[in-house]
2 protein chains.
Amino acid sequence: MNQNNNRRNFIKTASIGALSTLTISQIAASAFAGSNAKGKKVTIQKGDIILLQGDSITDSGRSKQRQEANMAQSLGNGYALNVAGTLLLKNPEKDLKIHNRGISGNKVYQLAERWQADCIDIKPSVLSIHIGVNDFWHTLTNGYKGTLQTYIDDYKKLLDSTKRQLPDVRLIICEPYAVLGVKSVDKNWYPTFDLFREAASNIADEYDAPFVPYQAAFDKAIKLAPPAYWTVDGVHPSVAGAALMAQTWLEAVKY
Amino acid sequence: MNQNNNRRNFIKTASIGALSTLTISQIAASAFAGSNAKGKKVTIQKGDIILLQGDSITDSGRSKQRQEANMAQSLGNGYALNVAGTLLLKNPEKDLKIHNRGISGNKVYQLAERWQADCIDIKPSVLSIHIGVNDFWHTLTNGYKGTLQTYIDDYKKLLDSTKRQLPDVRLIICEPYAVLGVKSVDKNWYPTFDLFREAASNIADEYDAPFVPYQAAFDKAIKLAPPAYWTVDGVHPSVAGAALMAQTWLEAVKY
């Protein structure tokens, strides 16, 4: 599929997903079914070391002094904790080790700067990455000069390096999302921000990874409660939004 | 039912529950079905103000500077956050307000000391109380002089006062639990600690409230993974244990 077809299909899928109102229990599954992953899932196996990487949305207040797997303090109070709780509860026989190494404010190049300690040394067998909102947002607010192409190039370079060092790692690529009309997110985000979402989707495809379609999940959820119910500022999830994210993320794995 | 029959049935139910190994998804439902609540549940209604009260297990690192409902910082990183995430995700149309006011180290009389600000003023329509482990534990470790009867008397006095001031409040009574053999919990806890569990069960019965049977949930869970998988010290839950508690708590409500 060439880049133009890819983009047309991406936007078409997003539009179809937005047409009908779903009950909350259908949202995550529906969003995932409509994503480019087309049912591709990562199977959680005995002994898996699961690393959740990203920015503030993953970080979510985790203690930087605690690095142990499976500890609440190390996991923060966002979707990573919620995902860990469910995986650990449902797989007591699998001896899973779940780590959060999200850091607030990170863009892709900042993941790369700390990747040896915060990814490679942890030797994850499952690596979930949720990155991209700052790669765009900080061009509006912080004078960041990176472009869409910077995001794509940096992301692929990071993944290529990761695959060389951890050839068996199973990747999960999560979609950057934003909720228009809540505090930080206004019309100046569009259409450019959508291209970052699309880039993440294409990268998931290229690296044969499940894609976690957070945007579709939030787009569907705001038909059931106001946007501010799901996100505190358009970028960071509320408690309800973090639970929605966890449910959507869990659609990308078999456990 | 007299007190002796009550006690015999309580211990019998606990024993039957321990006989067979269940899958994790059956544990919470099975524990609840075997509890004295006999299917009694609280229905979550539109506009409910839900207050989770208790000790460190409820507190779980919540910020004492943040008091807003439904905020991750105010809810901590334990079962209260997990319960809130699920209720808020699954009931976007109900405009729920969920508060955590657990405080580490609390015994019943310490709830009473702060009850006006930390319960009555919040005007909960649903009030969940999880208290009792310190009422026993601190007699071993802190020189606390309260007895089983102190626990029962203080608890009933607190509930009577609450019902006078909030006549329509729907109560949920949670069981104090302990996991033998993990750090803080040794054979010196028994049989006395079991009487605190039984007292909480009887109080739930007397006040016509669902009883959340955490002990049965943990007893069943430790057949699937070692005790230290579910609790960090025998008293406080791990991330897996907090998810198990949330799942068990949610059995006591219709939502």
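Start at one residue pair: A:C174 stands opposite A:V212, which lies in strand β6 of chain A. The model that shows this pair is a predicted one. A:C174 belongs to strand β5 of chain A, residues 170-174. Two bridges join β5(A) to β6(A). The two strands run parallel.

Now widen the view to the sheet. Strands of a sheet pair through backbone hydrogen bonds, either parallel or antiparallel. In chain A, five strands form an open sheet with parallel pairing. Their order is β3-β2-β4-β5-β6. Which strands of chain A stand at the edges? They are β3 (97-100) and β6 (211-212). Each has a single partner strand, so one side of each is left without a neighbour in the sheet. A helix packs on this sheet too. Helix α5 of chain A, residues 79-90, touches β2 (49-54) and β3 of chain A. The direction of α5(A) makes about 180° with that of β3(A).

Next, look at how two helices meet. Two packed helices are described by the angle between their axes and the distance between the axes. Helix α2 of chain A covers residues 24-33, and helix α11 of chain A covers residues 214-221. They pack at an angle of about 140°, and their axes are 8 Å apart. The crossing of α2(A) and α11(A) is right-handed. Which residues meet here? From α2(A) come A:I27, A:A28, A:S30 and A:A31. From α11(A) come A:A216, A:A217, A:K220 and A:A221. By class, the residues of this contact are six nonpolar, one polar and one charged.

Stay with α2(A) for one more residue. A:S25 lies in this helix. Is A:S25 buried or exposed? A:S25 has 11 other C-beta atoms within 10 Å, and a residue with 12 or fewer counts as exposed. So A:S25 is exposed. Its C-alpha atom is separated by 13 Å from that of A:A246. Along the chain, A:S25 and A:A246 are 221 residues apart.

Turn to chain B. Strand β4 of chain B, residues 126-130, pairs with strand β5 of chain B, residues 170-174. The pairing is parallel and runs over five bridges. B:H130 stands opposite B:C174 in β5(B). Helix α11 of chain B, residues 214-221, is mostly covered. Seven of its eight residues are buried. Among them are B:Y214, B:F218 and B:K220.

How do the chains fit together?

Finally, look at the interface. Here 28 residues of chain B are in contact with 28 residues of chain A. On the chain B side, α4 (72-75), α5 (79-90) and α13 (239-250) each supply at least two residues. Helix α5(B) gives the most, with eight residues. By class, this side of chain B has 18 nonpolar, eight polar and two charged residues. Of the interface residues of chain B, 100% are also interface residues in chain A, so the copies meet through the same surface.

Technical notes: Residues numbered from 1 in each chain as written. Chains lettered and ligands numbered in written order. Predicted model: local features only at pLDDT ≥ 70, side-chain atom pairs only at ≥ 80, totals over all residues. Axes fitted to C-alpha atoms, helices over the stretch in contact; angles between N-to-C directions. Helix = DSSP H or I, 4+ residues; strand = E, 2+ residues; numbered from the N terminus. Left-handed = near helix turned anticlockwise from the far one by under 90°. Contact = placed C-beta atoms within 7 Å. Nonpolar A, V, L, I, M, F, W, Y, C, P; charged D, E, K, R; others polar. Pairing = 2+ DSSP bridges. Buried ≥ 20, exposed ≤ 12 C-beta atoms within 10 Å, placed from the backbone.
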